[in-house]
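Dear colleague,

I am passing on the structure below, together with some notes on what was found in it. Please look through it first and then read on.

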Amino acid sequence: MSASWRPTASLELLRQRASLLNCIRAFFAQRQVLEVETPLLSQATVTDLHLDSMVVELHDSKRRFLQTSPEFAMKRLLAAGSGPIYQICKAFRRDEAGQRHNPEFTMLEWYRPGFDDRQLMAEVEALVCTCAEQHGDGLSDWAVSGFERISYRDLFQSRLDIDPFAASDQQLIDLARQQTASDHLALSRDDALNLLMAVVIEPTLQAPVFVIDFPASQASLAATELTDDGHRVARRFELFIRGMEIANGYLELTDAQEQARRFAADNQRREQSGLPVQPVDEFLLAALASGLPDCAGVALGFDRLLMLISDRQRIAEVISFDDNNA
């Protein structure tokens, strides 16, 4: 008989987890943001090259995908007139396992009609500080001066002395190989940028910081805009604390035709990379075409937030059972 039946999290951490859930729900109740639930299974999934969905076979050989996030379904609710909404739910991503990853994890996602990405960053900061303060964590000390905000471009220039918008593809690829020992990998421009961000820059981001204005090629479902010097950037932000990504938010794209073009471009790149082409969520495109309100949305890793608040280094320490003993 296996000896690994016990939870990976202590009972103390499970009580703290429950308390954090209560804190989040109280935060949104005070702001009159509606809690919603959407299906875990969907006929379509994300086309993002860096996300690998899990497939479930149902009756009559019907295939469904476990959600990598509730984003598509929540946007359908927004288009139907839901107003501000949030959801705490399970999300699933294949081949994500390690110190900070588990294939099944808990996500907090919310959307604010009428907000832009800057306003939503302020609310993310308020949520994190409120939860940290109620649980006696040192994060609340940083709330006095506010979380720093730095552009993606300034971050690369300050940490690596390179302009991620002006540098050539080969310059970025060479730097990534030099800095990350990835000579054996075939890299694209965005592959190189992602490697440099994850391996070199991210560990240096200890105090809370919002990274903003990502390259337009990394917009995903975010709106874009031109900078004063003519570079197109994504209205996207990521929050990093203690060297770990905590949240990823957008000023949401509302143009159905542009979103369909991005899905098609993703699938073309997937095919070129030998990855399976994914079915596009036509329900989402129809919702966008019907009129998604101007809004900002964000996904926050609940397990990672608990890791920060409880000063734990491994995700297994804050979930009941990790992938190895579930």
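Predicted model: local features only at pLDDT ≥ 70, side-chain atom pairs only at ≥ 80, totals over all residues.

Strands S3 and S4 run antiparallel and are joined by 4 bridges. They are part of an open sheet of 3 strands, whose order is S2-S4-S3 and whose pairing is antiparallel. Strand S2 (41-42) and S3 are the edge strands, each with a single partner, so one side of each has no neighbour in the sheet.

The loop that runs between S3 (54-57) and S4 (63-66) contains Leu58. Leu58 counts as partly exposed because its relative accessibility is 32%, which falls between the 20% below which a residue is called buried and the 50% above which a residue is called exposed. Together with Leu40 and Leu41, Leu58 makes a nonpolar surface patch of about 210 Å².

**The enclosed strand S12**

Is strand S12 (residues 295-301) buried or exposed? Of its 7 residues, 7 are buried, so S12 is largely enclosed by the rest of the structure. In a regular strand, side chains alternate between the two faces of the sheet. Both faces of S12 are covered, with Cys295, Gly297, Ala299 and Gly301 buried on one side and Ala296, Val298 and Leu300 buried on the other.

Strand S6 (residues 104-113) pairs with S12 in the antiparallel sense over 7 bridges, and strand S11 (residues 244-251) runs antiparallel to S12, to which it is joined by 5 bridges. Gly297 of S12 is the bridge partner of Tyr111, and Gly297 is also the bridge partner of Tyr250.

In soluble globular proteins, nonpolar side chains tend to be buried together. The largest nonpolar core here has 43 residues, of which Phe156, Leu160, Met197, Leu205 and Val211 touch the most other members. Several elements give two or more residues to this core, among them helix H4 (152-160), helix H6 (189-201), strand S8 (209-215) and helix H7 (256-272). The largest share, 6 residues, comes from H6.

With residues up to four places away in sequence left out, the contacts of Val211 include Tyr152, Leu155, Met197, Leu205, Phe237 and Phe240. A second, separate core has 40 residues, including Val33, Phe237, Phe302 and Ile315.

With best wishes

Methods:
Residues numbered from 1 in each chain as written. Heavy atoms only, no water. Patch = residues over 30% accessible without salt bridge, like charges linked within 9 Å, V, L, I, M, F, W, Y side chains within 5 Å. Areas by Shrake-Rupley, 256 points an atom, 1.4 Å probe, with all protein chains shown as cover. Salt bridge = Lys/Arg side-chain N within 4 Å of Asp/Glu carboxyl O. Buried < 20%, exposed > 50% of the residue type's maximum accessible area, 1.4 Å probe, protein only. Pairing = 2+ DSSP bridges. Core = buried A, V, L, I, M, F, W, Y, C linked by side-chain atoms within 4.5 Å. Contact = heavy atoms within 4.5 Å.
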